[in-house]
Amino acid sequence: MNPQMKTETSTTVAEVIELEERYQLATYKKMPVVAERGEGVWIYSSDGEKYLDLYGGHAVAGTGHSHPHVVAAIRDQAGKLMFYSNLVYSEARARAAEKLVSVAPAELTKAFFCNSGTEANENAMRMARMSTGRENIITFTGGFHGRTADAISATFLGKYREIGRPNVPGHLEARFGDLESVRALADESVAAIMLEPIQSMAGVTTAEPGFFLALRELCDERGLVLIYDEVQTGVGRTGDWFLAGSAGGSGVVPDIITLAKALGSGVPVGACLVNERIASHIKENDLGTTFGGGMVAMAAVTATLEAIENEGMLENVKTVEAHLRERLSEVPAVVAVHGRGFLLGLEFSEKAAPVHKALLERKIITGTSSKPNVLRLLPPLCLKREEVDLFVDALKAATA
Ligand SMILES: Cc1ncc(COP(=O)(O)O)c(C=O)c1O
């Protein structure tokens, strides 16, 4: 990084860093990159460097950075009407809801819009409680569900529940992939089982296909609501629109899917997709949020889903994943590859942080996880074979 280079407004790179450090709470350990512009899988920094972004800005840039179709839709909508709440109808909202439901498993027929992943999960848990009249929620060791009170209390990972103290009562912890641990907890006090169908932050942990089928059966048998937190796995990341209903998830469809991250290509938006049974229990005023369903966010949702569809990105994820896995077999330092589609965890026998750093020095952005020896890849869905080759060559050099 060249600290004396000037940004578009003549501020130096060093000044930008100094200002952020002075005026923003230091809640994130940042990479030494001043991001200025993005295009597809590339991020351009203010000091004239170009980075291959295999982290997708925290899994958000599903369509790639500043996808032209999404940018045009946001610009157009912002010039017409930036926002009005759910107290009025809007074509932008109507189209977004229609489009989202059209790509969802057939059983999920209604959308509730909010602003983030944690908010989607809070609302999903609330709907489960309202529709069953029960209070407890089962989640899993290693799952991450957000940082607001109820969602962080549902997060049995690392120090999160500790940060969120005092926790919301009624959260029960089961072991991911271990049906007996769920059965032992799922009594008549339990409203829902909520899970990340692939646990991303935990180090991209997967479960056997039979686990999902067994959870669905258990929920049906005991009257529980099944919630999939697809904040990371949704909107095309695994090569299907959602893990729910896909072959990778054994075709199992939950009662509620929660979404955020890639849904608006970078415009903050979250959603819950629900089936008719859940919808029948939700009345006026049961849920709400000022900004949910705002027109600019809705325009971003529709354009995001259209871009994924029109450019065959789901197919691209599948073919490029196959190429990536094949090429990774040439890298001796990678001892296993976990996950599905473009949610992958590369396991090393040593710590992954030095690999992350060495790749960054080679201008490639990747992610770490809560498992010290797993590096995460969450690239835009438009990543191409030649960019995979660039990455694998750099990884070979970084780990040689
Ligand atoms: C699986 C999962 N659920 C929920 C969340 C929370 O989303 P947000 O940060 O938008 O509140 C995240 C964020 O990383 C996530 O990965």
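Modeller: A residue is near a molecule if one of its heavy atoms lies within 4 Å of it. The model is predicted. By that cut-off, the ligand is surrounded by Ser116, Gly117, Thr118, Asn121, Phe144, His145, Gly146, Glu196, Asp229, Val231, Gln232 and Lys261. By class, this shell has seven polar, three charged and two nonpolar residues. Helix H5 (residues 117-132) gives the largest share of the shell, three residues.

A backbone N or O atom of Thr118 lies 2.8 Å from an oxygen atom of the ligand. The side chain of Lys261 also places an N or O atom by a ligand oxygen, at 2.9 Å. Asp229 faces a nitrogen atom of the ligand instead, with a side-chain N or O atom 2.7 Å away. On its own, the ligand has 390 Å² of accessible area, and the protein covers 81% of that.

Arg129 belongs to helix H5 and Asp150 to helix H6 (residues 149-153), so the pair links distant parts of the chain, 21 residues apart. Both residues are buried. Side chains of opposite charge can pair when their charged atoms come close. The model has 25 salt bridges.

Another one sits within a single helix. Arg325 and Glu321 meet at 2.9 Å, N to O. Both lie in helix H12 (residues 313-328), four residues apart, about one turn of the helix. Glu321 counts as buried because its relative accessibility is 13%. Arg325 counts as partly exposed because its value is 29%.

Next comes Lys396. Its salt bridge is with Glu330, the closest N and O atoms being 2.7 Å apart. Lys396 lies in helix H14 (residues 385-399) and Glu330 in the loop between H12 and strand S11 (334-340), so the pair ties together parts 66 residues apart in sequence. Lys396, at 29% relative accessibility, is partly exposed. Glu330 is partly exposed too, at 39%. Both residues belong to a network of salt bridges that also includes Arg327, Asp389 and Asp393.

Last, the surface. Leu81, Tyr84, Leu87 and Val88 make a nonpolar patch of about 410 Å². Leu81 is found in the loop between helix H3 (68-80) and helix H4 (91-103). Leu81 counts as partly exposed because its relative accessibility is 39%.

Key. Residues numbered from 1 in each chain as written. Predicted model: local features only at pLDDT ≥ 70, side-chain atom pairs only at ≥ 80, totals over all residues. Heavy atoms only, no water. Patch = residues over 30% accessible without salt bridge, like charges linked within 9 Å, V, L, I, M, F, W, Y side chains within 5 Å. Areas by Shrake-Rupley, 256 points an atom, 1.4 Å probe, with all protein chains shown as cover. Salt bridge = Lys/Arg side-chain N within 4 Å of Asp/Glu carboxyl O. Helix = DSSP H or I, 4+ residues; strand = E, 2+ residues; numbered from the N terminus. Buried < 20%, exposed > 50% of the residue type's maximum accessible area, 1.4 Å probe, protein only. Polar contact = N/O pair within 3.5 Å; in protein donor to acceptor, adjacent residues only side chain to side chain. Nonpolar A, V, L, I, M, F, W, Y, C, P; charged D, E, K, R; others polar.
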